[in-house]
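Biologist: Please take a close look at the ligand site and the loop beside it in sequence. Then walk me through a few other places for comparison.

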Amino acid sequence: MEAKKFQSPNQREPLLRVSNLVKYFPVKEGIFSKVVTHVRAVDGVSFSLDKGQTLGLVGESGCGKTTLARVLLRLIPATSGEITFDGMNILKADGGQLRKHRRNMQLIFQDPFSSLNPRMRVGKIIGEPLSHHNIGTPRDRRKKAQELLEIVGLQATDVWRYPHEFSGGQRQRIGIARSLVLNPKLIICDEPVSALDVSIQSQILNLLDKLQKEFNLTYIFIAHGLNVIRHMSDRVVVMYLGKVMEEASSDQLFSSPKHPYTKALVAAIPVPNPRSIGFEATVEGDVPSPINPPSGCSFHTRCSEVMEVCSKKEPGFTIIEGDHRVACHLFGE
Ligand code: SF4
C-alpha cells in the first residue's frame with residue numbers, strides 16, 4: 001500500500017479541533033472515598049483534523065490515546081479544554097446535540113471478537129445503531145445491513161448468521177459495516193488490526209482506505225507502533241504520558257523525526273530482518289505512572305539525550321517547519 005500524500009493547508013477543511021484537552025481521573029482512598037490524587041490520562045492535548053484526512057495517534061500503552069478517543073466520543077466527560085467538531089463545541093452540547101454528535105462520530109473497536117454480541121445475528125448487530133436512533137423499519141435496517149455487508153466484502157445473506165461463524169478478519173469487516181451504518185463524518189479506529197493475523201491486517205487497512213475515498217470519511221487511527229500508522233495517516237500525533245511530544249505530516253515525521261521518543265518509535269518499525277529489535281528494546285525502562293509523572297519533560301527518565309534542564313523545566317512546542325512541532329529542549333531557544 002502506498003503512503004498517503006499530505007495536503008497543503010489551503011486545501012484543507014478542519015472538521016475537528018481539540019484545544020488544551022485535559023482528562024484526569026480521581027484516585028480515591030479511605031472509607032469516605034476522599035480524592036487523594038489524580039491519574040493524568042490526557043494532559044493538555046491540542047490538534048486539529050481536516051475533512052477527509054487521517055490523523056494517526058501513536059504511543060505506548062497508557063499514553064492516553066484510548067482515553068482521548070473516549071473523551072472525543074463523549075463516552076466520558078473531559079476535565080477541561082475544548083473540542084469543536086463540525087462547528088459545534090461538543091463539550092457544551094445538550095442532549096439533542098449530543099445525539100447528533102454520536103451519529104457523526106463512530107468507533108471501530110480493537111477486538112473483533114468481544115465487540116460483537118454473540119447472541120445477535122449480524123443483520124441486527126449492524127442495524128442496531130439505526131434502531132437506537134429510531135431510523136427506519138426492521139426491513140429497512142436489514143436492507144441497509146445487507147448493502148453494507150457487500151460494501152465491506154461479505155455477502156448480503158450473512159445478515160442471518162452469528163458472529164462465531166466468521167473469522168477474525170470477517171468480524172472486523174462486520175464491525176466496520178456497523179460503524180458506517182449512520183453515515184458518520186469521523187470514525188475513530190482504535191487499534192483495528194492489532195488483534196488480527198499479519199496476513200489479514202493489510203486487507204483490513206486496504207478496506208479502510210477504500211471506504212475513506214468512497215465515503216469521504218475522516219479517520220483518527222490509534223496504534224501503539226508506527227508501522228501501521230505510516231501507511232494510513234496524513235498527519236501523526238505522538239503521545240507520551242497524556243501529552244503530545246511531536247506532531248507532523250506523515251512524510252515529515254517518518255523522513256525527519258525530531259523528538260527522541262519519536263526517533264525510538266521510528267527505529268522500532270519492523271523491517272524484514274530477523275535480527276531487527278522491537279520497540280521495548282529501543283526505549284529503555286518502563287512508562288512512569290501517570291499518577292506521578294516525572295517533573296519537567298515527562299520523557300526525561302527514559303530519554304537517551306537527556307540534559308540537566310530536562311527534569312527541571314517542561315519544554316514548550318518549537319515549530320520545526322510549517323506545522324511540524326516538537327516539545328523538546330533540544331529544539332528550544
Ligand atoms: Fe529528552 Fe530533554 Fe528532549 Fe525530553 S526535553 S525529550 S528529556 S532531550
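Modeller: I begin with the ligand, go on to one arginine, and then visit other parts of the chain.

This is a predicted model, in which local features need pLDDT of at least 70, side-chain atom pairs count only at pLDDT 80 or more, and totals for chains, interfaces and linings use all residues. Residues are numbered from 1 along each chain as its sequence is written, and side-chain values use heavy atoms, with hydrogens and water left out.

The space it takes is the largest cavity. A cavity here is a set of points on a 1 Å grid over the protein atoms alone, where a 1.4 Å probe fits but cannot get out. Which residues surround the ligand? The shell holds His259, Pro260, Cys297, Phe299, His300, Cys303, Glu305, Cys310, Cys328, His329 and Leu330. By class, seven of the shell residues are nonpolar, three are polar and one is charged. In that scheme Ala, Val, Leu, Ile, Met, Phe, Trp, Tyr, Cys and Pro are nonpolar; Asp, Glu, Lys and Arg are charged; the others, Gly among them, are polar.

Now Arg302. It lies in the loop between α10 (279–282) and β11 (317–321). Helices (H or I, at least four residues) and strands (E, at least two) are DSSP runs, numbered from the N terminus. Is Arg302 buried or exposed? It counts as buried, because its relative accessibility is 9%. The scale is simple: buried is under 20% relative accessible area, exposed is over 50%, and partly exposed is in between (1.4 Å probe, protein chains only).

What does the Arg302 side chain reach? It makes a polar contact with the side chain of Tyr240, at 3.2 Å. Such a contact is a pair of N or O atoms within 3.5 Å; within protein, one must be able to donate a hydrogen and the other to accept it, and residues adjacent in sequence count only if both atoms are side-chain atoms. Tyr240 is also on the list of residues that Arg302 touches, together with Glu60, Val283, Glu284, Gly285, Asp286, Val287 and Pro288. That list leaves out residues up to four places away in sequence, and contact means heavy atoms within 4.5 Å.

Gln201 sits in helix α6 and is buried, because its relative accessible area is 18%. Its side chain reaches the backbone oxygen of Leu196 at 3.2 Å. Beyond its neighbours within four places in sequence, Gln201 is in contact with Leu196, Val193 and Ser194.

The loop between α6 (198–215) and β8 (218–223) holds Leu217. Leu217 is buried, because its relative accessible area is 2%. It touches Gly52, Gln53, Leu180, Pro184, Lys185, Ile187, Leu211 and Gln212, residues up to four places away being left out. From C-alpha to C-alpha, Leu217 is 15 Å from Ile204, a residue 13 places away in sequence. Asn216 is in the loop between α6 and β8 too. Asn216 counts as partly exposed, because its relative accessibility is 48%. Its phi is near 50°, a positive value in a residue other than glycine.

Asn134 also has a positive phi, near 55°. It is found in the loop between α3 (122–132) and α4 (138–151). Asn134 is exposed, because its relative accessible area is 67%.

Last, the earlier part of the chain. His101 lies in helix α2 (residues 95–104) and is buried, because its relative accessible area is 1%. Its contacts, outside four places in sequence, are Leu72, Leu73, Arg74, Phe85, Met88 and Ile90. Asp94 is in the loop between β5 (88–89) and α2. Asp94 counts as partly exposed, because its relative accessibility is 46%. Its C-alpha is 29 Å from that of Pro138, 44 residues away along the chain. Leu49, in strand β2 (residues 34–50), is buried, because its relative accessible area is 3%. Leu49 and Glu308 are 35 Å apart, C-alpha to C-alpha, and 259 residues apart in sequence.

Technical notes. A residue is near a molecule or strand if one of its heavy atoms lies within 4 Å of it. On a 1 Å grid over the protein atoms alone, a cavity is a set of points where a 1.4 Å probe fits but cannot get out, and a pocket is an open set with protein on both sides within 12 Å along at least five of seven lines; lining residues have an atom within 4 Å of a point. A molecule sits in a cavity or pocket if more than half of its atoms lie within 2 Å of its grid points.
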